[in-house]
Amino acid sequence: MQGVTGKRYSTATAVALICAAAVLAAPGTAFAQAAGGPAERLPKKPTPGTGKSLEQVRKDIEKLYHDAGVATDAYNAAEESADKQSQQIVKLAKDITKAQEKLRKLKSRAGAEARAQYRNGGMPPEAQMMLSGSPSQFLDGAGRMRAGQKATKGMLTELERTEEDLRIYAKDATSRWTKLEANRKSKAASKKKIKQKIADAEKLESRLEKDERERLRKMEEEAALKKQSAWVSSGVLKDIDGKASPQGKKAIAFATAQIGKPYVWGAEGPGSYDCSGLTSKAWAAAGKGIPRTSQEQWKQLPRVDIKNMRPGDLIIYHSDASHVGMYLGDGAIVHAPRPGRDVTITGAGSMQILGVVRPDK
């Protein structure tokens, strides 16, 4: 139900609109209205400036935005990884500074002992005590000598260990800098691809006349409604009766409060979001941190069967897990669709479902 974009509707009203689609899925009437809709009656003549039918243009635009979504996930993943690498490098830098200061003090101590030995003619303490001619002085100093030897040995061991720590820190820092640079290049490549795909889609859409753009939007809505109706008619909603958890309710409240805000790739709010930016921030607001990208949400979060899903769960879409929406109940989700669209409520079955994950399981 992407036609609700750009306006703020109450969650109850929007969900009610989604539920109305279920009527189309009733036996004998499934999709009767959609089949006879204005978009379906359009002649399949080439669209000016494209040489293609409007339906093919719609599919081309859909694919371009899907590819942009995949690249956006790659960009977000590289950004998240780069942030972690940066934090680890900062910690390593602090560890290196501490180790360097410790090494300086140990070397200073070692230098002091070397100078003391030089002042004594280079003669070790044992020889000096034996030549003192005083057995009592020798015995009194023996304990101090052993303690001094132990301390010196410990100092040398600590010196070696600190130098080894520095070598390890330096090697680790070099490795992390290399990874950070790789992530930077990955981000740059993904950013370039995102911009290109979005530009191609916008260029394709800009060739359409005003009335054709409106027809295109209606075709998008009808295509989504067709998929939603088929999903509802499968009877899947009959088995779904879960109730939202307290955290799930908070996540839903946050996500639905963002309705009407624009989709912007890589955005995490507060003024705009991409799909996983919306879901990750919603669950963060509920007190539960989850991965930043839809692909990592799919990989890392506990999975549940569709029949067991409940409001607040995340539905992952497409075979490459490139899109995510939050389930609201009654067959509806809230999501950030794509560039040029706003955060909105639509049918949970309006896209290809890969699976469902539960952040607070």
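A residue counts as buried here when its relative accessible area is under 20%, as exposed when that area is over 50%, and as partly exposed in between. Keep these cut-offs in mind, as they return throughout. The model is a predicted one.

Start with helix α7, residues 246-256. Its buried residues are G248, A251, I252, A255 and T256. Why do they share a side of α7? They span an arc of only 120 degrees around the axis, which puts them on the same side of the helix. Now turn to the face of α7 directed away from that buried side. Here sit the exposed residues P246, K249 and K250. So much for α7 alone; the rest of the fold gives the helix its setting.

The chain has nine helices and six strands. Of its 361 residues, 42% count as buried. The accessible surface comes to about 19,500 Å², and carbon and sulfur atoms account for 54% of that surface. Contacts reach along the sequence too. Among those between residues at least 6 apart, 70% join residues at least 24 apart.

Next, the sheet. Six strands form an open sheet in the order β1-β6-β2-β3-β4-β5, with antiparallel pairing. Its edge strands are β1 (303-304) and β5 (344-347), each of which pairs on one side only. Helix α7 packs on this sheet. The helix touches β3 (323-329) and β4 (332-335), and its direction makes about 115 degrees with that of β3.

Look at strand β2, residues 314-317. On one flank, β2 pairs with β6 (residues 353-357) in the antiparallel sense, over four bridges. On the other flank, β2 and β3 also pair in the antiparallel sense over four bridges. Residue I316 shows both pairings. Its bridge partner in β6 is G355, and its bridge partner in β3 is V324. β2 and β3 form a hairpin, with five residues between the two strands. In the turn, H318 has a positive phi of about 75 degrees.

Are the faces of β2 covered or open? Both are covered. L314 and I316 are buried on one side, and I315 and Y317 are buried on the other.

Residue T279 links this region to another helix. T279 lies in helix α8. With a relative accessible area of 1%, T279 is buried. Which residues does T279 touch, leaving out those up to four places away in sequence? They are I290, Q297, L314, V324, G325 and M326.

The aromatic residues come next. A pair of aromatic rings is described by the distance of the centres and the angle of the planes. The structure holds two such pairs. One joins Y75 and W265 in an edge-to-face arrangement, 5.0 Å centre to centre with 90 degrees between the planes. Y75 lies in helix α3 (residues 54-119) and W265 in the loop between α7 and α8 (275-285), so the pair ties together parts that are 190 residues apart in sequence. Y75 counts as buried because its relative accessibility is 11%.

The other pair brings us back to α7. The ring centres of F254 and Y273 are 6.5 Å apart and their planes stand at 90 degrees, so this pair is edge-to-face. F254 belongs to helix α7 and Y273 to the loop between α7 and α8, so the pair ties together parts that are 19 residues apart in sequence.

How far apart in space are E79 and R184, C-alpha to C-alpha? The distance is 7.9 Å, although 105 residues separate E79 and R184 in sequence.

How values were computed
Residues numbered from 1 in each chain as written. Predicted model: local features only at pLDDT ≥ 70, side-chain atom pairs only at ≥ 80, totals over all residues. Heavy atoms only, no water. Buried < 20%, exposed > 50% of the residue type's maximum accessible area, 1.4 Å probe, protein only. Arc of directions from axis to C-beta. Pairing = 2+ DSSP bridges. Contact = heavy atoms within 4.5 Å. Axes fitted to C-alpha atoms, helices over the stretch in contact; angles between N-to-C directions. Areas by Shrake-Rupley, 256 points an atom, 1.4 Å probe, with all protein chains shown as cover. Phe/Tyr/Trp six-rings, centres within 6.5 Å; stacked < 30°, edge-to-face > 60°.
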